Amino acid sequence: MKAALFDAFGKPLRIADIDSPVAGPGQVLLKVCRCGICGSDLHMTEDTTFGLQGGEVIGHEFSGEVIDVGPGVSHLRPGDQVTAAPLRGCGTCPACKRGEPAWCPQFSLIGGGYAQYAAVDEFQCRKLPWGISAADGALAEPLAVALHGIRRARMEPGQSVLIVGAGAIGLAVAFWARRLGAGRVVIADIHDYQRDRAMALGATEFVVSGPDMATRVAQACDGPPQIVFECVGKPGLIDHCVDLVAPRGRVLVLGLCTAPDHMNSFRAISKEVDITMSVFFAMPEFEMAIQALDSGSYAPQHLISDTVRLVDMPDAFEALRKRTTQCKVLIDPQTA
Ligand SMILES: [Zn+2]
Ligand SMILES: [Zn+2]
């Protein structure tokens, strides 16, 4: 099969012919329909933080069709359209039983989506309901990550929300905030590239950051926002969010910052700001994300800005290292 291989840090991915995986015990073999390119994939290929090895196939936001099942697979059958959660656990410990494999002692994050075929554990897969295409199923993972952030923030209906960063996760947070009843949903970014997309996903206002940003945000939120979501992941941004949030408000950190950050704790303590971190998701959130894929108004499909062939994927991947007008780019590994 064809796959996009990671060779070494600082090198673009390379399309190569490799052996197809086989479905091991408890596993299904998927013909990958779509795999989203995620910001964390870009991070992984930059440096050793995530321990990526040469020869690996990454890509963790994927959906596809079951074409084979290994021994012991009980529910899924060939022909089923599924989306796979990239969180692998043992399947039997208390965390796994709660649907939180991210907290399993044997937890690992799986890749394999930047390829034509991928083998995954059956219990990581969720069947897509009728009417939801496998092409959209790849959005379930980033939507689940954003939903987990909303739940970690304990957002309540009517609250005013500011989202810093209009990337795919920031926009997905806007989608959920609106859907779950936030009063104001304001997105801020240094560029206005994603303004239309943000409004289509449920934002009530889009603010381009600048000197008078706090004033404009407070206007858009009818006072300082009660929750600020940090969805960028650059040093200094938690401080920035602490400045913008209302006294006794909450800063919810979803941005993946791989460099050490400092924090002005005096600013935070003076306002009694709650700072909460959010990573991954639980399987019930993944299931809720799948259900949200046929939501009609403010459809999450607005996140998709492009779908590229596998052969074009390494270039598309490198292009995303710079700030572009793209949002969620999907790969279609089956189109030659
Ligand atoms: Zn992701
Ligand atoms: Zn477990």
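**The sheet, the helices and the domains**

Strand 13 (residues 227-230) and strand 14 (residues 250-253) run parallel and are joined by four bridges. Across that pair, Ile227 stands opposite Arg250 in strand 14. Strands are DSSP runs of E with at least two residues, helices are runs of H or I with at least four, and both are numbered from the N terminus. Two strands pair if DSSP finds at least two bridges between them.

A word on the source. This is a predicted model, in which local features need pLDDT of at least 70, side-chain atom pairs count only at pLDDT 80 or more, and totals for chains, interfaces and linings use all residues. Residues are numbered from 1 along each chain as its sequence is written, while chains are lettered from A and ligands numbered from 1 in the order in which they are written.

Now the helices on it. Angles run from 0 to 180 degrees between N-to-C directions, with axes fitted to C-alpha atoms, for helices over the stretch in contact. Contact here requires C-beta atoms, placed from the backbone, within 7 Å.

How do helix 4 and helix 5 pack, and at what angle? Helix 4 (residues 140-152) and helix 5 (residues 168-179) pack at about 60°, their axes 8 Å apart. That makes helix 4 oblique to helix 5, since under 35 degrees is roughly parallel, over 145 roughly antiparallel, 65 to 115 roughly perpendicular and the rest oblique. Among the residues making the contact are Leu143 and Ile150 of helix 4 and Ile169 and Trp176 of helix 5.

Last, the domains. An automatic or database domain assignment gives domain 1 (2-141 + 281-332) and domain 2 (154-277). Their centres, taken over C-alpha atoms, are 27 Å apart. In the contact between them, 14 residues of domain 1 meet 16 residues of domain 2. Helix 1 (residues 39-44) gives the most to the domain 1 side, with three residues.

Methods
Two residues are in contact if their C-beta atoms, placed from the backbone, lie within 7 Å.
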